[in-house]
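Hi everyone, thanks for making time today. I'd like to walk you through one structure, so please have a look at it with me.

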Amino acid sequence: MSILPGRDWWTGLPPAAGAAVMATGIISVGLRLTGHEAASLAALVVAAALWLVLAADFTARLLGDRGRFRAEADTPAALTAVAATTVIGARLSQQGWQTAAAVLLVLAALLWPGLLFNVLRHWRRRMPGAAFLGCVATQGLSLLAASLADAEHQEPLARAAMVGFCLGLLLYLAALFRFDLREVVGGAGDHWVAGGALSLCALAGSKLTASPVWTGSAHATLRTVTLALLALSLVWYVVLLAAELRHPRPRYDIRRWATVFPLGMTATACLSVADPAGIAWLRPLGEVLLWIAVAAWLLTFAALIASHLTARGGAPGR
């Protein structure tokens with residue numbers, strides 16, 4: 001019996017599987033910020049491989065199974081395609097591979113409006129944490145655009161990143177009013193995106209704050225907003241962690257990758273905000289949170305393998 005999943009497994013993955021790419025990619029970003037180059041590159045390879053698999057499956061559904069594609073494109077989880085692409089792009093930009101990062105920015109920007117429109121049309125009251133993926137996808141575009149603007153000294157791109165940043169904040173507020181707070185104690189994992197989305201807002205804000213395009217009162221306002229977003233994301237972190245301890249949910253669910261992503265994103269946001277905001281203690285805090293995220297990634301991966309082995313072992317004829 002093979003430990004690794006077969007082709008029939010990965011071709012049946014739901015859109016929520018994109019959170020695994022997001023989680024692995026942002027942990028790679030955090031590891032590089034803390035100087036762990038080898039581990040960061042290893043995580044990048046894993047994230048890129050997962051992204052390629054999901055991109056192939058996404059394309060196959062688009063071309064060969066339009067019914068399933070349309071049905072899945074209406075769900076908030078579909079926006080992980082955009083978010084995952086921007087996280088990989090941000091990591092490539094961090095590595096200095098700006099051309100590849102720019103290609104991913106264009107790809108994500110092309111996917112974003114159609115998927116976001118479809119998702120917003122199907123919003124309802126009392127939604128799970130996936131409702132915040134509209135904010136996550138939009139702030140991912142802002143983060144990648146700001147990263148490229150900083151690397152290539154492109155002022156128009158920095159201004160476009162600011163537009164995405166502001167729009168992402170509006171989408172967060174809209175999702176917050178639709179978020180079912182009961183998910184905090186009963187969610188399957190994606191409820192953590194309520195806090196992770198704010199961490200991504202803070203991370204994008206840190207990139208904008210560090211940009212020379214914004215000076216004077218604009219820079220001061222960005223710094224204040226970024227710190228407020230980071231503080232709120234840390235409050236969410238504490239609340240969600242307390243709820244997990246009070247109401248344990250140990251059973252594996254693919255949406256648990258949407259827990260790992262916010263853990264890694266909060267850590268990375270702390271690391272990134274520390275320098276432009278001039279708050280040194282955020283860096284050691286970010287390092288501690290990063291290793292918590294790495295541990296959560298390993299536990300979630302182990303749970304994935306265990307659930308796969310259990311399913312294979314219980315299959316007829318095995």
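Let me start with a term: contact here means heavy atoms within 4.5 Å. With that in hand, take Q98, which lies in helix α6 (residues 98-121); helices are DSSP runs of H or I with at least four residues, numbered from the N terminus. Leaving aside neighbours within four places in sequence, Q98 is in contact with S93, L148, A151 and E152. Is Q98 buried or exposed? Q98 is buried, because its relative accessible area is 16%; buried means under 20%, exposed over 50%, and partly exposed in between, with a 1.4 Å probe and protein chains only.

A word on where this comes from. This is a predicted model, where local features need pLDDT of at least 70, side-chain atom pairs count only at pLDDT 80 or more, and totals for chains, interfaces and linings use all residues. Residues are numbered from 1 along each chain as its sequence is written, and side-chain values use heavy atoms, with hydrogens and water left out.

How confident is the predictor? pLDDT is its confidence in each residue, from 0 to 100, and the protein chain averages 89, with 90% of the residues scoring at least 70. Please be careful with residues 1-10, where pLDDT stays under 50.

In α2, 14 of the 16 residues are buried, and just after α2, G35 takes a positive phi of about 85°. Helix α10 is largely enclosed by the rest of the structure, because 16 of its 18 residues are buried.

On to charges. Side chains of opposite charge can pair when their charged atoms come close. The whole structure has eight salt bridges, each being a side-chain nitrogen of Lys or Arg within 4 Å of a carboxyl oxygen of Asp or Glu. One of them joins D180 to R126, with the closest N and O atoms 3.8 Å apart. That pair links distant parts of the chain, 54 residues apart: D180 sits in the loop between α8 and α9 (183-186), and R126 in the loop between α6 and α7 (133-152). D180 is buried at 8% relative accessible area, while R126 is exposed at 56%. R182 also forms a salt bridge with D180, at 2.9 Å between the closest N and O atoms, and R182 counts as exposed at 52%.

Key:
Helices (H or I, at least four residues) and strands (E, at least two) are DSSP runs, numbered from the N terminus. pLDDT is the predictor's confidence in each residue, from 0 to 100.
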